[in-house]
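Open the model in your viewer and keep the sequence panel beside it. Each stop below says what to select and what is there.

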Amino acid sequence: MFLNLNHYNLDAYKSARELRIECYKILPKLPESERFNLTDQIRRASTSVVLNITEGCSRKSESERKRYFEIARGSVIELDSCFDMIVESSYAKIEDLDKIGKLIKTSFILLSEMIKK
């Protein structure tokens, strides 16, 4: 934001930010009983994706960069499991999670490409 660094232009970063925003939109729809479980986990994981991409881009070593991107991708996978539990628990219908699903897939693919490079 203030530093105007290159990672802001990356598709993976943009997708991760959008994914985080969409995740936060679904949180009020979860029951109060999930406040300290799924709600907190989705907050942490969606934030982790964005922050690990950011930190990875700041590393000079290729192996360090890839490690942060792997952690970010792991958080994307974690989100996928969280939304699987949400559907399984009937907190939301899969049809209502279409945008989140697309963002999870896109983020996963883009991070996988960054790790392969």
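**Stop 1: a salt bridge to start**

Select Arg 35 and Glu 32. Their side chains meet in a salt bridge, 3.7 Å from N to O. Bear in mind throughout that this is a predicted model.

**Stop 2**

Select Asp 40 and Arg 43. Here the N to O distance is 3.2 Å, and the two side chains form a salt bridge. Both residues sit in helix α2, 3 residues apart, so about one helical turn separates them. Arg 43 is partly exposed, at 33% relative accessibility.

Go on to Glu 55 and Arg 59. This pair also forms a salt bridge, with N to O at 2.5 Å. Glu 55 is partly exposed at 32% relative accessible area. Arg 59 is partly exposed as well, at 25%. Next, select Glu 18, Glu 22, Lys 25 and Lys 99. Salt bridges with shared partners join these four into one network. The whole structure holds 10 salt bridges.

**Stop 3: helix α2**

Color residues 35-57, which make up α2.

Which residues of α2 are buried? Select Leu 38, Thr 39, Ile 42, Ala 45, Ser 46, Ser 48, Val 49, Val 50, Asn 52, Ile 53 and Gly 56. These buried residues pack against α1, α3 and α4.

Stay on α2 and pick Asn 52. Asn 52 is buried because its relative accessible area is 12%, under the 20% cut-off. What does Asn 52 touch, leaving aside neighbours within four places in sequence? Show Tyr 68, Phe 69, Ile 71 and Ala 72: Asn 52 is in contact with each of them.

**Stop 4: the nonpolar core**

Hide the surface. Select Ile 42, Val 49, Ile 53, Leu 79, Phe 83 and Leu 111. These have the most contacts inside the largest nonpolar core, a set of 30 residues. Helices α1 (11-26), α2 (35-57), α3 (62-88) and α4 each supply at least two residues of this core. In soluble globular proteins, nonpolar side chains tend to be buried together.

Center on Leu 79. Beyond residues up to four places away in sequence, Leu 79 touches Leu 19, Cys 23, Ile 42, Ala 45, Ser 46, Val 49 and Ile 104.

**Stop 5: helix α4**

Color residues 98-116, the span of α4.

Select the buried residues of α4: Ile 100, Leu 103, Ile 104, Ser 107, Leu 110, Leu 111, Ser 112, Met 114 and Ile 115. They pack against α1, α2 and α3.

Arg 67 counts as partly exposed, with 47% relative accessibility.

**Stop 6: a nonpolar patch on the surface**

Bring the surface back. Select Ile 77, Phe 108 and Ile 109. Together they form a nonpolar surface patch with about 260 Å² of accessible area. Phe 108 belongs to helix α4. This residue is partly exposed, at 34% relative accessible area.

**Stop 7**

Most residues other than glycine have a negative phi. Where does Asn 4 sit? Find this residue in the segment before α1. Asn 4 is not a glycine, yet has a positive phi of about 55 degrees. At 65% relative accessibility, Asn 4 counts as exposed.

End at Ser 90, in the loop between α3 and α4. Ser 90 is not a glycine either, and its phi is positive at about 65 degrees. Is Ser 90 buried or exposed? Ser 90 is exposed, with a relative accessible area of 63%.

How values were computed
Residues numbered from 1 in each chain as written. Predicted model: local features only at pLDDT ≥ 70, side-chain atom pairs only at ≥ 80, totals over all residues. Heavy atoms only, no water. Patch = residues over 30% accessible without salt bridge, like charges linked within 9 Å, V, L, I, M, F, W, Y side chains within 5 Å. Areas by Shrake-Rupley, 256 points an atom, 1.4 Å probe, with all protein chains shown as cover. Helix = DSSP H or I, 4+ residues; strand = E, 2+ residues; numbered from the N terminus. Buried < 20%, exposed > 50% of the residue type's maximum accessible area, 1.4 Å probe, protein only. Core = buried A, V, L, I, M, F, W, Y, C linked by side-chain atoms within 4.5 Å. Contact = heavy atoms within 4.5 Å.
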